[in-house]
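Welcome! Let us take a walk through this structure together, beginning with the place where its chains meet.

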Amino acid sequence: MANAITIENVSKVYQRDKMSVPVLNDVSLEIQEGQFIALMGPSGSGKTTLLNLIAGIDRPTKGRILVGGTDISTLSETALAKWRSSQVGFIFQFYNLIPVLTAFENVELPLTLTSLTKDERKRQVELALQVVGLSDRMHHYPKQLSGGQEQRVAIARAIASDPSIIVADEPTGDLDKKSADEIMTLLTRLNKEFQKTIVMVTHDPSAAERATITRHLEKGDLLS
Amino acid sequence: MKIFKIIFKNAFRHKLRVFLTIIGISIAVMAFGLLRTVVTAWNAGVDASSANRLITRQAVSFVFPLPYADREQIAKIPGVDVVTPFIWFGGVYIEKKNFFARMACDPETVFDSYPEYLVEKENKEIFKKERNSCIIGEALAKQFKLKIGDVMNIDGDIFPGRWQFTIRGIYKPRDKTVDATQMLFDWKYVDERMKQDSPERSGLVGWYVVNIKDAAKSAEISERIDTIFKNSRAETKTETERAFQQGFVASSGAIITAMNVMAFVIIGIIMLVLGNTMIMSARERTREYAVLKTLGFQGGHLIAFIAGESLIISFMGGLLGLGILFPFVAAFEAFMPKGFFPVFNIAPSTVIIAASSALAVGFAASIFPIQRALKTSIVDGLRHIG
């Protein structure tokens with residue numbers, strides 16, 4: 001199976017005032033298409049930073065990251081923004097839905113950047129909401145939904161543009177156990193049924209169990 | 001879903017805050033409009049003055065009269081078209097608070113000198129023939145519900161006694177800048193009575209309005225008039241009507257300047273009100289902007305979101321402000337002593353400046369939040385709490 005993501009000798013150092021803070025040290029990792037990888041580790045181990053680099057919302061200080069054959073560390077800001085909108089679906093711990101938009105509108109949001117017609121967008125949004133089981137809630141605002149439902153809307157938003165990769169940062173971190181299980185079942189389904197490559201950061205061992213592979217980070221180093 | 005829909009929804013996210021901001025902007029726009037209207041009204045005489053009219057008055061002071069005999073000499077100067085005398089009559093109509101200009105003039109020439117006062121031909125003819133007739137402005141007639149044929153009794157102060165005038169015409173102003181609150185009557189009627197009551201005050205006028213054929217020669221003709229009367233008992237000072245009016249306005253110059261400054265300070269206040277709202281909104285949405293950037297939205301989109309939101313608020317505030325400006329100006333005019341501002345209209349330029357200032361301020365208020373949203377990295381934005 002081909003590599004979906006190749007991380008080659010990536011280091012990341014943050015500048016905080018005059019201090020250099022190393023977060024990732026010479027990390028190399030290969031993630032194959034259709035894999036569901038869980039990144040685990042204590043706080044400050046660099047897992048979210050690694051996820052951000054894979055998703056193209058941050059840039060490595062050293063090394064390169066190839067996603068689907070594209071070296072994203074060399075792309076301009078504009079090209080990277082376009083690449084993100086078409087190739088990556090994002091799921092955040094706190095859902096990050098826009099509160100003034102309905103579930104339908106939130107899912108439609110990334111599609112407004114595409115050349116799809118209104119009808120095509122509508123079909124895709126309805127399909128995404130159907131996959132996450134929220135067809136009956138599409139005209140509800142986030143405040144009218146439970147945490148689990150909000151996260152499902154966020155997942156629908158992540159898959160609406162049919163990206164090849166889904167990145168999830170602590171997707172169950174703000175949910176009760178039942179809702180967390182539902183979300184993990186959904187992610188597993190996306191991986192198995194829709195062959196999405198998923199990279200997930202989590203503290204939760206039961207969430208990590210759903211992944212096909214788990215890697216640990218500690219103090220910026222990738223372990224086993 | 002269009003970008004505009006998101007902007008509109010964002011603009012009204014905090015309804016109370018936006019409502020208060022819109023109210024704040026509208027009050028500021030209304031105050032700006034009112035101050036500008038007062039300044040415009042103050043300058044109305046200057047704005048309405050004609051380039052080819054000169055005013056000849058006593059050199060020492062406007063309050064001293066000139067001999068009626070000077071008229072003929074002025075009329076002989078080459079380039080002079082019409083010379084018409086005026087007297088500030090003063091007096092009281094019904095009550096002291098009923099202030100409006102009451103002036104004695106020459107019925108034969110006054111409307112040649114002031115073509116902006118539009119009077120029916122037959123009314124003018126009666127005015128010329130009937131000694132105690134008068135012609136009043138349309139606004140004055142409306143204010144006191146007067147019509148042709150009515151009698152106006154004036155209790156004289158500068159010219160003592162009771163004076164009776166029959167209205168024989170009502171003039172219409174040519175445009176909104178023309179004073180339609182004046183009362184004009186025959187100088188001879190006043191002079192004849194002066195001959196009987198105070199002979200030493202007969203044969204005198206307050207000032208002359210001198211119409212010239214070529215406005216470019218105003219300086220030259222003014223000098224010639226004043227030269228003629230040099231070393232006479234009543235030396236003259238001749239200047240353009242604009243300079244004459246500006247002389248009146250100059251005495252209140254500091255107040256007008258202060259009002260002008262205040263008007264523009266108000267624009268600054270609008271900017272602070274709106275700027276504060278936009279900065280708060282943008283700060284609260286730092287994480288949302290980061291999410292939008294994560295989803296692929298770019299700088300141009302964020303500029304559209306933030307500037308659009310600011311412009312919607314400023315537009316609505318400006319619109320509401322202009323909406324309440326008109327009734328407020330009308331109420332202010334009603335509250336002022338009658339005739340205090342003969343011309344009190346909201347100038348189109350005031351509306352344009354107020355509206356464009358509100359929009360410009362809307363855009364300016366969004367600059368700092370835009371800069372902040374663009375500068376904040378996605379990673380920092382997603383970490384933002386608040």
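A salt bridge, in the sense used here, is a side-chain nitrogen of Lys or Arg within 4 Å of a carboxyl oxygen of Asp or Glu. With that in hand, look at Lys5(B): it forms a salt bridge with Glu105(A), and their closest N and O atoms lie 2.8 Å apart. Please keep in mind that this is a predicted model. Across the interface of chain A and chain B, the rule finds two salt bridges.

Which parts of chain A supply at least two residues each of the side that touches chain B? They are strand 1 (3–16), helix 2 (77–87) and helix 3 (103–108). Helix 2 of chain A gives the largest share, five residues. By type, the residues on this side of chain A divide into 14 nonpolar, five polar and eight charged.

Now step back to the interface as a whole. Here 27 residues of chain A are in contact with 22 residues of chain B. Between them the two chains bury about 2200 Å², and 63% of that is on carbon and sulfur atoms.

Finally, turn to chain A itself, which has seven helices and ten strands. Its radius of gyration is 17 Å, close to the 17 Å that the globule rule gives for 224 residues, so chain A is as compact as a globular protein of that length. Its C-alpha trace spans about 45 × 40 × 40 Å along the principal axes. Of the 224 residues of chain A, 55% count as buried.

Note on methods
Residues numbered from 1 in each chain as written. Chains lettered and ligands numbered in written order. Predicted model: local features only at pLDDT ≥ 70, side-chain atom pairs only at ≥ 80, totals over all residues. Heavy atoms only, no water. Contact = heavy atoms within 4.5 Å. Buried area = accessible area lost by both parts, 1.4 Å probe. Helix = DSSP H or I, 4+ residues; strand = E, 2+ residues; numbered from the N terminus. Nonpolar A, V, L, I, M, F, W, Y, C, P; charged D, E, K, R; others polar. Rg over C-alpha atoms; globule rule 2.2 N^0.38 Å. Buried < 20%, exposed > 50% of the residue type's maximum accessible area, 1.4 Å probe, protein only.
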